[in-house]
Amino acid sequence: MADQLAMPHTATPAASVRTPSADIYAPQWRNVIFVAPFLFFFTTLLLFPLLWGIWLSFHKADTFSSGNFVGLGNYVRLYHDKVFLQSIWNTFYFVLLTVPTLALIGLFLALCLNRRTRTAAVLRTLFFSSSVLSVTIVTLIWRIVFIPNVGLLSTIYGWFGATAPAFISNPSLAMIGIAIATLWWCIGLPMMLFLSALQQIPRDIYEAAALDNANRWQTLRSITLPSIKRTFVLVVIIQIVLQFQLFGQAWLMTRGGPNNLTKPIVLYIYDTAFRRWDLGMGAAASEILFILILVAAMAQYLVARNKGDRA
Amino acid sequence: MTMRKMLFAAVSAGAMALASPSLAATELTVQRFFGACDADFGTNTDVGKAVGECGIITSLINKFNADNPDVHVNVATVEWPGYDQLTAQFASGDAPDIVTIHESALSDYQSKGLLMPLDDLLKSVGVTPDAFTDAARNGAAKDGKIYGLPIDSWTMLYHINMDLFKQADLVNADGTPILPKSPEELLAQAEQFKQKTGKPYFVQNLANETALYTRNLYTYLFQQNSDFFADPKHVKLNTPEAKKVVEMYKAIFDKGYTTKDLDYGGAINAFLAGEGGVQLNGTWVVGDNNAQSETKGTALNKDGYAVYPYPQLFGGAHAQYADGHTWAVSQKDRTPEQTAAIGKFLKFFADNDFDWSRTGHLPAYKAIIASEAFKALPHRNTITAVADLGKPLPSAVQRQFAIQDIIGEEMSAAITGQKDIDAALADMESRVNELLANI
């Protein structure tokens, strides 16, 4: 018994020289197993196509063969292509038309519907419901609205003996027509993001403001808007990235016309790569779109962050 | 029946059911445009009852399946013209066995070795190219071999509302419409039409359209003997001849002699509702328009419907742009049964080309054009001339659909006033040449 009791004492010095237990945070090769599934899909579906696209953009390639290395040849051709330059302008114009409007209308709707009433709940559902539709349905609905002679707009204008504006074929209205359809389609997400941000603002701040006799405008300017600033930046960045990729609405409503005035970069890429089989130039155009989206989103992020730091 | 016999019968039935896949019909995949109309013709095998492109082709394929139990054709319908999808299918090695391809698009796929030469296969089923019309044979042949079974020749036509033409005093004593013989006459008659009817002379689908503009330009360049594709790799469009055509269509647009904001469907509806005198549309609507004209109460029923080739407005060749549809076969390894099944399918369509010509398209076979049955179809006396007038682009010109888009975009810009005509023609030429130089 005494021996047994003595055991821990004799064991103690031995334990002090024992090697320390393994650090579970130390890097180990077998940990790769845990990230392998993600790495596999990230590499095959994102990284490899990205690198392959860059490689293609330096080659004269068509849909069925990749030909000679042409260096920056495809980029030079893009630089001289009036339609490509027009499509860049069209894309920026579309982003300018839609992103601020989506952010502001989304915020306005969220402010109006941020209450616990049945009507607000129904309206929130209604405004979000258009987001679940596919682009085909959305453009079909808006074509029925815009179509001359028999469309909804023509019918309404007809009641007053007026001619409806040609939102699909008029050069100065076509992009606005696409923007209207897009706003109707996409307004749900910004509204929901703003609603969730509004509901996270602590009630006691509003109560304190009420005690200080702050009016509605002061409350909005000094409490609500600063509190949802990060969400506002998030909404703007998400919408910039999404709207830069305009394709379906332009393809289905105007086919990029009239005279390429509604042809966005993605439609230009599709046209070049898959309809003209000029895969190298299409890849070069998509690299430029990639850089544009990256720069626009980063610039927006940095501007917002710097402002935030100063505040 | 004893238990043993019943068991034996059940086992035999089961064995037959299991064995049936080996006796199953040879499967073919067929991809086509011409629209979907399964609700009306999905099960119809009586081809004579079908009307319109979609109805007739659906019924023909149904009949082929019914007549040939050893072959089963699975049909995939694509939106016209379906080449983006087809190209992707070829690139991924998943092309259909048989596919509708315009003669103008055959060379794109043939030049890449994606299509099977059909000479031997057609010969094995008794179809020889000497039965084809000249237009069809020239359109389907590339490098001396046949790469598609031609099923028709098509072109654009003047579809005329005779009631409005009568109101405009544009009808001859024999009841035929008075059509212009020069650009000046066209503008004068369009003005007269507008004054007397209050409606535009032309019903055109100009909203974001390219094909119509381009086909109009090709036709009137041919009529001026302009050899704009003398070199299939280099086009000449910044020419006085092209300028004349664009100026003519711009005058029509500026003076309100045409509908302006209509898309394709809108233009068809507008013409059927009597909102203009002449619709510029293809052979494929002759059957439908004629059916409308025989329906009481419609705008075309009042004083009838007439259809003519484009009028000869210039002093050059008597010609107008034409193209044709073919069944092409993808190049891939097949069993002898599959190849034989494809031969049967092509033979069936060659044998039934008369039914297809009821759409309004011109037949691809000399014997059918010469037949009394074809001549007895409505309006064929006025449009059969297209068989001689029809002229495609040189078959060596590749990417004809992409070229069509470029020309149509620039013509639209010039005609609607977004661009100066000279600038549009210069851009048209340089853009097409840039495309051709980089094939």
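## Helix α21 of chain B and its cover

The buried residues of α21(B) are covered by elements that include α4 (82–113) of chain A together with α11 (240–254) and α20 (400–415) of chain B. Helices (H or I, at least four residues) and strands (E, at least two) are DSSP runs, numbered from the N terminus. A residue is buried if 20 or more other C-beta atoms lie within 10 Å of its own, exposed if 12 or fewer, and partly exposed in between, with C-beta atoms placed from the backbone. The buried residues of α21(B) are A424(B), L425(B), D427(B), M428(B), E429(B), R431(B), V432(B) and L435(B). Helix α21 (residues 421–437) of chain B has 17 residues and spans 24 Å from its first C-alpha to its last, close to the 24 Å expected at 1.5 Å a residue; the expected span is 1.5 Å times one less than the number of residues.

## Basis of the model

This is a predicted model, in which local features need pLDDT of at least 70 and side-chain atom pairs count only at pLDDT 80 or more, while totals for chains, interfaces and linings use all residues. Residues are numbered from 1 along each chain as its sequence is written, and chains are lettered from A and ligands numbered from 1 in the order in which they are written.

## Contact between the chains

The contact between chain A and chain B draws 21 residues from chain A and 22 residues from chain B. Two residues are in contact if their C-beta atoms, placed from the backbone, lie within 7 Å. On the chain A side that touches chain B there are 9 nonpolar, 7 polar and 5 charged residues. In this classification, Ala, Val, Leu, Ile, Met, Phe, Trp, Tyr, Cys and Pro count as nonpolar, Asp, Glu, Lys and Arg as charged, and the others, Gly among them, as polar.

## The domains of chain B

Chain B is divided into domain 1 (15–153 + 324–391) and domain 2 (155–322 + 398–437), with bounds from an automatic or database domain assignment. Taken over C-alpha atoms, the centres of domain 1 of chain B and domain 2 of chain B are separated by 29 Å. Their contact takes 26 residues from domain 1 of chain B and 24 residues from domain 2 of chain B.

On the side of domain 1 of chain B that touches domain 2 of chain B, the elements giving two or more residues are α3 (52–67), α5 (103–110), α18 (380–383), α19 (386–389) and β13 (390–391) of chain B. Of these, α5(B) gives the most, with 4 residues. By class, this side of domain 1 of chain B has 11 nonpolar, 11 polar and 4 charged residues.

Strand β1 (residues 59–62) of chain A pairs with β2(A) in the antiparallel sense over 3 bridges; two strands pair if DSSP finds at least two bridges between them. A hairpin of 2 residues joins β1(A) to β2(A), and D62(A) stands opposite S65(A) in β2(A). Strand β2 (residues 65–69) of chain A is hardly covered, with 0 buried residues among its 5 residues.

H80(A) lies in helix α3 (residues 73–80) of chain A and counts as exposed because it has 10 C-beta neighbours inside 10 Å. T231(A), in helix α12 (residues 229–244) of chain A, counts as buried because it has 21 C-beta neighbours inside 10 Å. Not counting residues up to four places away in sequence, T231(A) touches L193(A), F194(A) and A197(A).
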